[in-house]
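User: Can you walk me through this one? I'd like to start with a helix and then look at the loops.

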Amino acid sequence: MTGRSPDAAPRGRSRRAPVARRWAAAAGWLFVLPALAFYGVFVLRPIALTLQYSLYDWNGIGAARYVGADNYVRIITDQRLLSPILHAFELIIFFSAVPVVLGLLVANTIRGIATSRLAGVARTVVFMPQVIPLVAAGIMWSWLLSSTGLVNQLLRAVGLGSLTRAWLGDFSTALPAVGLIGAWVLLGLCTVLLLAGMGKIDTALYEAARLDGAGPVQEFFAVTLPGLRQEIAVCVTVTVIAALSSFDIVYISTQGGPGGATSVPGLQIFSLAFSQREVGLASALAMALMVLVVLVVLPIQWVTRRGEG
């Protein structure tokens, strides 16, 4: 007889369990720490510095003068700074609505011919613009939409010469033309995402719809569309962010012209900071753009989660 209580060993193990859990949690934090450090240095710190700069009148070289919220007031009251934000909202129609709607139609069509070789070719062709660098896409479309470009040549060839114009140089067509480029680029991404979503929809639902006498259109709205809620939300989120933060396509194709007709916040921030040397105002516009993106994206995510519930 040793005199040990029979429950001594279980109590010892129970005391060691919290210690083991703490060590496991500490080990987990050690694995996460490099990513957190990277995120803090390259994301959170620049945001904090941008917020700090937005409260000053500073040219990037000389002494800074504290102005408080004056830079933010200028964004709201100065039409030169407010117009780019309105242009970005107009681009949402082209960058988001057009690719998502066309992506649904194209993806549904490809799903209908999924067993044929043409489906693979169609996927490749549709996704190709997403692979092309945006700079190259902007240059290519600048050539196509120029006064002597292929688009105007085709219009003249079919007897519609009266419609020809410098599409990226006309005040009335410059912004829609830039939106067309963005829609062309983002269509492939939306189509591939929606195709992947269609692949996870239970085929039994389609069979049940056909047994109930549903046609292709009714089948699309009753089965396909509800099954793609998550994918549509991802497409809308990505394309809306692309519209609000657009820069490269606009910079390459129009540089904000003609007369600021295609100026967007990203391009205006670049111009203010590096051309006009108004770093404080550029930082304020950058912060306003970040808040704007969050305010637009959060309702989309909320509606999606509410729909799931």
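This is a predicted model: local features need pLDDT of at least 70, side-chain atom pairs count only at pLDDT 80 or more; totals for chains, interfaces and linings use all residues.

User: Which residues of H9 are buried?

Analyst: Glu219, Phe220, Val223 and Thr224. They cover an arc of only 125 degrees around the axis, so they sit on the same side of H9. In general, an α-helix has 3.6 residues a turn, so residues three or four places apart point the same way.

User: And what does the face turned away from the buried side carry?

Analyst: The exposed residues there are Val217, Phe221 and Ala222.

User: What covers the buried residues of H9?

Analyst: The cover includes helix H3 (79–112), helix H7 (174–199) and H8.

User: Take H8, then. At what angle does it pack against H9?

Analyst: About 150 degrees, with the axes 10 Å apart. H8 covers residues 203–211 and H9 covers 216–227. The crossing is right-handed.

User: Which residues make that contact?

Analyst: H8 supplies Leu205, Tyr206, Ala209 and Arg210. H9 supplies Glu219, Val223 and Thr224. By type, that is four nonpolar, one polar and two charged.

User: What is it in contact with, leaving aside neighbours within four places in sequence?

Analyst: Glutamate 219 is in contact with Arg111, Tyr206, Arg210, Ala214 and Thr224.

User: Switching to loops. Where is the cis peptide bond?

Analyst: From glycine 257 to proline 258, with omega near -5 degrees. Proline 258 lies in the loop between helix H11 (248–253) and helix H12 (265–274).

User: Which residue in that loop has a positive phi without being a glycine?

Analyst: Glutamine 255, at about 55 degrees. It is found in the loop between H11 and H12. Glutamine 255 is exposed, with a relative accessible area of 57%. As background, most residues other than glycine have a negative phi, and most peptide bonds are trans.

User: What about arginine 277 and its phi?

Analyst: Arginine 277 has a positive phi of about 60 degrees, and it is not a glycine. It is found in the loop between H12 and helix H13 (279–308). Arginine 277 is partly exposed, at 37% relative accessible area.

Conventions: Residues are numbered from 1 along each chain as its sequence is written. Side-chain values use heavy atoms; hydrogens and water are left out. Axes are lines fitted to C-alpha atoms, for helices over the stretch in contact, and angles run from 0 to 180 degrees between N-to-C directions. Helices (H or I, at least four residues) and strands (E, at least two) are DSSP runs, numbered from the N terminus. A crossing is left-handed if the near helix is turned anticlockwise from the far one by less than a right angle, and right-handed if clockwise. Contact means heavy atoms within 4.5 Å. Ala, Val, Leu, Ile, Met, Phe, Trp, Tyr, Cys and Pro count as nonpolar, Asp, Glu, Lys and Arg as charged, and the others, Gly among them, as polar. Buried means under 20% relative accessible area, exposed over 50%, partly exposed in between (1.4 Å probe, protein chains only). The arc is that of the directions from the helix axis to the C-beta atoms.
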